[in-house]
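Here is a short tour of the structure, taken one region at a time. Keep the view open beside the text and follow along.

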Amino acid sequence: MSKAVSALGGVSHKGFADVAEAGLKGMITLRGDLSSAKMKKAVKAATGCAMPAPRRIVMGDGKAAAWMSPDELLILVPHEAALEAVATLQKALEGEHHLVADVSDARAIFTIKGPKADQVLMKLCPVDFADLAEGEIRRTRAAQVAAAFWRSGPEEFTLVSFRSVAGYVMGLLETSARAGSEVF
Amino acid sequence: MSTRLSKGGRLIDRTKPLGFSFNGRKMKGFQGDTLASALLGQDQMLVGRSFKYHRPRGVVASGAEEPNGLVGLGTGGRFEPNQRLTTTELFDGASTTSQNHWPSLEFDVGVVNNSFARFLPGGFYYKTFMYPRAAWKHVFEPVIRRSAGLGAAPTARDEDRYEYAYAFADVVIVGGGIAGLTAALSAGRKGQRVMLIEQTAHWGGRAPVDGVEIDGKPAEDWIRNAVEALGKMENVTLRLRTMASGLYDHGYLLAYERIADHTPGDGRPRHRLWRIRAGHVMTATGAIERPLSFAGNDIPGVMLASAVRDYVVNWAVSPGDRTVIVTNNDDAYRTALALLEAGLIVPAVIDARPEVKGALPDAVRARGVRVLTGHGVAKVKGGKRVTGVTTCVQAGQGAELETIPCDAVAMSGGWSPVVHLWSHCGGKLTWDEAQGMFRPDPTRPATGADGAAMVTAIGAANGMLRAADAVADAHLAAGSEGDLPKAISAEEAPMLPIWIMPQGAGPELRAKMWLDYQNDVKVSDVQLAAREGYESVEHTKRYTTLGMATDQGKLSNINGLAVLSDALSQAIPQTGTTTFRPPYTPISMGAIAGEARGEIFQPLRKTPMHGWHETHGAHWEPVGQWRRPYCFLRTGEGIHDAVNREIRTARNAVGLLDASTLGKIIVKGPDAGRFLDMLYTNMMSTLPVGKCRYGLMCNENGFLSDDGVVARLNDDTWLCHTTTGGAERIHGWMEDWLQCEWWDWKVYTANVTEEYAQVAVAGPNARKLLEKLGGMDVSKEAFPAMEWREGTLGGFRARIYRISFSGELSYEVAVPASEGRAFWEALLAAGEEFGVSPYGTEAMHIMRAEKGFIMIGDETDGTVIPQDLNLQWAISKKKADYLGKRAQERSYMASPDRWKLVGLETLDGGVIPDGAYAVADGVNANGQRNTQGRVTSTYFSPTLGKGIAMGLVRHGPERMGEVIDFPVDNGRIVKARIVDPVFYDKDGEKQNV
Amino acid sequence: MLTLECPYCGVKAEETELAAGGEAHLKRYGPGSSDAEFDGYMFSRKNPKGVHFERWRHAYGCGKWFLAARDTATLEVFGTYPAQSKEPPPELQAKIKAKRPNWEGYK
């Protein structure tokens with residue numbers, strides 16, 4: 001039995017969209033000069049992904065690199081690969097001012113699936129979904145807490161929040177996805 | 001008597017009868033009815049009582065402007081008072097009760113107010129309830145509160161759910177009448193993202209009832225085609241039952257969708273509050289007909305002319321067999337025609353205009369109806385329903401000419417555009433003399449983020465009362481894309497602005513002319529206010545309560561201000577209007593709250609061990625949004641006992657505190673040391689790698705803002721612990737200085753608070769416990785106090801800080817949050833032989849107080865500087881600058897008279913109440929006792945077996961041993977001795993083992 | 001409720017995604033400054049009816065502080081720009097001057 005558990009143990013609910021806690025995911029906060037050659041190499045080495053453009057997420061094989069702010073990325077890898085990715089990044093960025101922090105366990109991650117998945121989020125986030133570009137990661141709030149989400153499939157969104165409010169976020173998603181409350 | 005007609009009714013479906021009840025009486029209606037049409041269809045003319053005089057009230061209108069028809073709707077968890085009959089769709093099983101009467105609607109003892117009406121004039125409350133003062137609280141207010149107020153508050157928990165929806169559009173068109181539909185078609189064809197919302201359950205507005213033809217077809221056909229065409233446009237969203245409640249800055253529009261009001265209990269959310277960001281808003285909100293002011297215009301059966309024909313045409317309800325029309329304009333003749341068409345009798349049209357010609361009056365005359373020009377109503381006869389109308393000459397004083405028996409009166413005083421949304425965000429109005437109305441002034445609109453107009457009024461809402469004008473206006477405003485619909489309606493002669501009937505009515509008549517039906521404000525009240533010196537319309541509104549009822553004066557405002565203008569002998573635009581404020585009509589509290597109720601009322605932050613705590617007797621304490629165990633209750637144990645037990649365990653064996661909530665911020669970079677030296681009052685740049693140091697942070701005002709232990713992780717990385725409530729705030733504070741002041745410094749920060757589960761393992765057996773888990777050398781020699789180590793502890797990746805907030809031998813162990821629960825359980829299992837048990841925040845608080853450690857939020861309150869707490873040792877004298885340093889140099893901060901931290905020991909061993917003040921001799925300028933100190937923390941110490949406290953006392957540290965007085969409840973005085981704040985283990989022998 | 005475009009990430013954020021931070025372009029006075037200077041830095045704030053420069057943080061977004069120029073009476077937004085600016089960008093000042101000829105400048 002693994003000692004490591006996600007905040008909600010992978011709970012899920014069915015409504016007009018299916019919402020689920022997606023379990024543990026390796027996540028790393030990476031801060032530095034995103035335009036530097038070293039940084040690009042470091043991201044490539046850790047994820048196999050190219051440097052994301054502002055507000056974009058580049059997804060690779062089980063790994064991804066997401067633009068969080070002009071000097072910050074969120075690196076996504078499998079949970080068990082997080083420490084190794086941290087080491088890879090640190091090594092690649094040696095000699096350059098940067099910060100690498102493992103935040104895998106500071107986060108909770110959710111999926112919202114179904115043709116009307118966007119309607120679950122449009123009740124919670126002040127975001128214009130028509131404006132959401134291909135491959136865009138949107139940092140915003142979900143009701144009263146910070147969140148970031150992106151389209152992770154044709155009919156799927158992935159949403160990240162802080163771990164401590166995972167129960168609250170799941171409550172929001174479950175309520176918003178309840179059958180009969182489709183907006184359109 | 002009002003009845004259901006045997007045929008017609010464009011909105012009802014006679015094949016779907018619905019049952020409902022009114023005051024317990026079973027009634028019937030049809031699918032498509034409103035509660036108002038269903039009640040009128042069953043001859044329920046009397047539906048409520050007025051606010052002040054408890055006069056009988058009947059339905060006046062057919063829409064959102066209705067002032068009288070308010071009922072309690074539903075039962076139990078679905079009961080809601082003040083539901084408007086005219087805008088509530090009938091559903092099967094609806095239970096309605098009338099309001100504001102006792103003991104019954106038919107017989108109300110409160111109506112006695114009516115006889116005393118002349119003693120209850122405008123400003124009555126202000127004038128009467130002034131003296132004696134005490135009577136207000138004990139006599140007047142309770143009586144008024146019992147007799148006033150509409151409806152009863154629900155007592156059961158709301159069974160429904162509510163939600164928000166965020167939406168964005170280039171254009172939001174408010175109002176689905178022919179103007180709104182025309183605008184939507186044009187904007188939609190242009191490819192704009194359009195949202196068209198309509199407050200009722202039907203598209204088309206008034207046009208079908210008013211006999212409008214568009215593009216050669218009856219309006220109804222054109223509307224059907226328009227809605228169909230719009231429905232096919234992917235860029236257009238159509239929404240019925242959605243009322244635009246308010247327009248705010250930068251095109252922020254709130255709309256209130258009533259999803260399931262007409263299908264209660266079907267599992268859908270009841271209401272949805274749309275939070276729309278509109279590039280532009282077009283208000284196609286139509287116009288509202290005004291009543292006329294004549295004596296007895298409030299008797300049930302007197303209705304707006306437009307409402308009368310709405311009931312006949314839309315719902316096949318006749319308000320009466322014989323309906324007299326009273327008007328100052330041509331539009332009301334449409335009502336006469338509608339009634340005649342339905343086979344009803346119109347005994348006469350009383351028209352205030354001296355001369356009446358034109359297509360509509362001629363058509364009415366042609367049907368043999370008597371048209372009395374230049375006439376008015378002297379009075380309406382009847383009590384709980386109309387029995388007749390007495391005519392007079394409009395130009396005269398009301399000498400009665402003739403009594404016409406009738407059972408309904410349809411009145412029309414002209415129309416007022418619905419300008420609420422236009423005005424909400426600053427759009428200005430202009431007075432249209434010819435039409436006798438305020439309409440939007442297109443040169444002074446509300447402006448948006450770009451400084452350009454963000455609202456356009458179109459159609460009747462823009463003063464375009466004729467169908468052809470309204471449609472053309474809307475088409476043009478929306479960009480004229482596609483063909484202009486050609487609307488045809490009958491020509492109309494100008495209306496005559498008259499405000500009371502007859503012109504020269506004396507006091508007796510004016511005291512029977514109602515302006516505000518719900519609040520019982522009459523023409524005489526407004527005139528009295530003017531005589532008493534009220535010139536501002538806003539003041540008059542509050543003095544008389546005109547327009548302050550739940551309908552917010554939709555019917556009464558214009559008439560009221562016209563009467564006021566007349567009384568002040570000034571023009572109407574000079575008087576101006578009162579302010580239009582959202583919401584347009586009341587919206588539910590549930591919609592405002594949205595999803596935020598029950599479990600998700602607000603975010604509740606949980607540590608990785610929360611689940612364990614929950615199942616092990618945690619008595620919760622909210623700390624910010626966190627829930628932390630205050631103590632862990634065992635079966636049969638009280639809170640106080642549990643806390644004392646937990647302290648004894650930590651002091652004598654070993655205790656575990658879930659300290660995961662403490663803030664943890666990584667600060668890294670070549671300039672990180674320099675940065676932390678600015679942030680903390682002491683030196684952090686000199687902290688050796690591997691060591692920890694306690695630090696204080698102040699704001700620029702010099703006041704203590706947070707504290708915590710800082711660990712240096714490597715050459716350019718520090719980890720700063722903050723208080724539980726301080727993590728986000730301090731992280732934000734760091735980023736603020738780094739981004740906005742010292743942006744050339746090379747420093748990065750990251751808030752990693754939630755990455756770790758952190759456990760304080762405290763007590764004499766702490767080392768034994770960690771040794772048993774194994775994997776790291778935690779001996780005194782290898783791991784001294786105020787240092788940290790990384791390694792694997794009992795198989796867990798751990799970072800251990802040897803720091804103590806309890807005064808005991810203590811290790812704070814941080815492990816990945818995902819393993820926090822497993823680690824906690826491992827500690828408990830391994831610690832069993834050492835007598836381990838968890839302790840909560842209260843035990844933590846008491847133990848730190850026993851040690852004289854300060855707590856942010858207890859010893860500090862935003863006015864306390866570190867020097868007040870004798871923390872000079874934590875303030876660097878070498879540093880040229882740190883945040884707060886300049887402020888602490890101010891003369892008042894350096895004053896020796898500041899209250900300073902001391903310990904307090906009661907003489908009787910009891911506990912001083914929290915927050916108690918110590919008194920000094922004399923009184924201050926306000927005659928209050930002078931004070932010389934206050935209690936900041938106070939507890940019963942189980943370790944010492946007595947009450948201990950910390951407090952701030954003037955010259956405190958110089959007054960050791962002195963006894964000071966703390967007056968507490970009922971004049972009791974607690975005497976306490978000033979002592980050293982470290983009560984326990986002064987030399988720190990217990991933690992340094 | 002305002003919307004402001006974050007100059008760092010380009011999101012047109014509504015006010016609920018932002019945190020307000022008061023007047024922009026304040027000069028910090030630390031140790032060695034006079035009482036008057038420190039008082040001005042700590043406590044004296046402009047409260048104009050008209051053009052005003054403010055600090056905002058894209059708190060629920062990229063986390064960056066930025067500065068905004070807006071009219072406090074009409075809520076017209078003239079522009080937003082990075083917090084690392086000693087003064088409003090010249091083109092923004094020119095734009096404001098063109099729209100508000102009586103504006104006396106940002107100081």
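This is a predicted model: local features need pLDDT of at least 70, side-chain atom pairs count only at pLDDT 80 or more; totals for chains, interfaces and linings use all residues.

Strand E47 of chain B, residues 899-906, runs antiparallel to E52(B), and four bridges join the two. Within this pairing, B:Gly903 stands opposite B:Val979 of E52(B).

E51(B) and E52(B) form a hairpin, with five residues between the two strands. In the turn, B:Asn970 has a positive phi of about 55 degrees. And which residues of E52(B) lie on its covered face? Spanning residues 973-979, the strand has B:Val974, B:Ala976 and B:Ile978 on that covered face. The uncovered face carries B:Ile973, B:Lys975, B:Arg977 and B:Val979.

## A three-stranded open sheet

Elsewhere in chain B, three strands make an open sheet in the order E23-E24-E25, with antiparallel pairing. Strand E23 (375-382) and strand E25 (402-405) of chain B stand at the edges with a single partner strand each, so one side of each has no neighbour in the sheet. From one strand to the next, the twist averages 30 degrees.

Let us look at one of these pairings in detail. Strand E24 of chain B, residues 386-393, pairs with E25(B) over four bridges in the antiparallel sense. In this pairing, B:Val389 stands opposite B:Ile404 of E25(B).

## Helix H13 and its surroundings

Helix H13 of chain B covers residues 523-531 and is mostly covered, as seven of its nine residues are buried. Those buried residues are B:Val523, B:Ser524, B:Asp525, B:Val526, B:Gln527, B:Leu528 and B:Ala529. What do they pack against? Their neighbours are helix H12 (507-510), strand E32 (514-516), strand E33 (521-522), H14 and helix H15 (557-567) of chain B. Just after H13(B), B:Gly533 takes a positive phi of about 105 degrees.

H13(B) and helix H14 of chain B (residues 537-544) pack at an angle of about 125 degrees, and their axes are 10 Å apart. That angle makes H13(B) oblique to H14(B). The crossing is right-handed. H13(B) contributes B:Asp525, B:Val526 and B:Ala529 to the contact, while H14(B) contributes B:Thr540, B:Tyr543 and B:Thr544. By class, the residues of this contact are three nonpolar, two polar and one charged.

## Helices H19 and H24

Another helix pair to visit in chain B is H19 (residues 639-652) with H24 (residues 841-850), packed at an angle of about 60 degrees with axes 9 Å apart. That makes H19(B) oblique to H24(B). H19(B) passes H24(B) in a right-handed crossing.

On the H19(B) side, the contact is made by B:Val643, B:Glu646, B:Ile647 and B:Ala650, and on the H24(B) side by B:Glu842, B:Ala843, B:Ile846 and B:Met847. The residues of this contact divide into six nonpolar, no polar and two charged.

## Chain B as a whole

Stepping back, chain B has 25 helices and 52 strands. Its C-alpha trace spans about 115 × 70 × 55 Å along the principal axes. Of its 993 residues, 55% are buried. Among contacts in chain B with a separation of 6 or more, 66% are between residues 24 or more positions apart.

## Where the chains meet

Chain B has 34 residues in contact with 37 residues of chain A. The elements that give two or more residues to this side of chain B are strand E9 (162-174), strand E37 (663-668), strand E41 (748-751) and helix H23 (820-831). E9(B) gives the most, with five residues. By class, the side of chain B that touches chain A has 17 nonpolar, five polar and 12 charged residues.

Chain A is also in contact with chain C: 11 residues of chain C touch 10 residues of chain A. The chain C side has four nonpolar, four polar and three charged residues.

Definitions and conventions: Residues are numbered from 1 along each chain as its sequence is written. Chains are lettered from A and ligands numbered from 1 in the order in which they are written. A residue is buried if 20 or more other C-beta atoms lie within 10 Å of its own, exposed if 12 or fewer, and partly exposed in between; C-beta atoms are placed from the backbone. Two strands pair if DSSP finds at least two bridges between them. Axes are lines fitted to C-alpha atoms, for helices over the stretch in contact, and angles run from 0 to 180 degrees between N-to-C directions. Angles under 35 degrees count as roughly parallel, over 145 as roughly antiparallel, 65 to 115 as roughly perpendicular and the rest as oblique. A crossing is left-handed if the near helix is turned anticlockwise from the far one by less than a right angle, and right-handed if clockwise. Two residues are in contact if their C-beta atoms, placed from the backbone, lie within 7 Å. Ala, Val, Leu, Ile, Met, Phe, Trp, Tyr, Cys and Pro count as nonpolar, Asp, Glu, Lys and Arg as charged, and the others, Gly among them, as polar.
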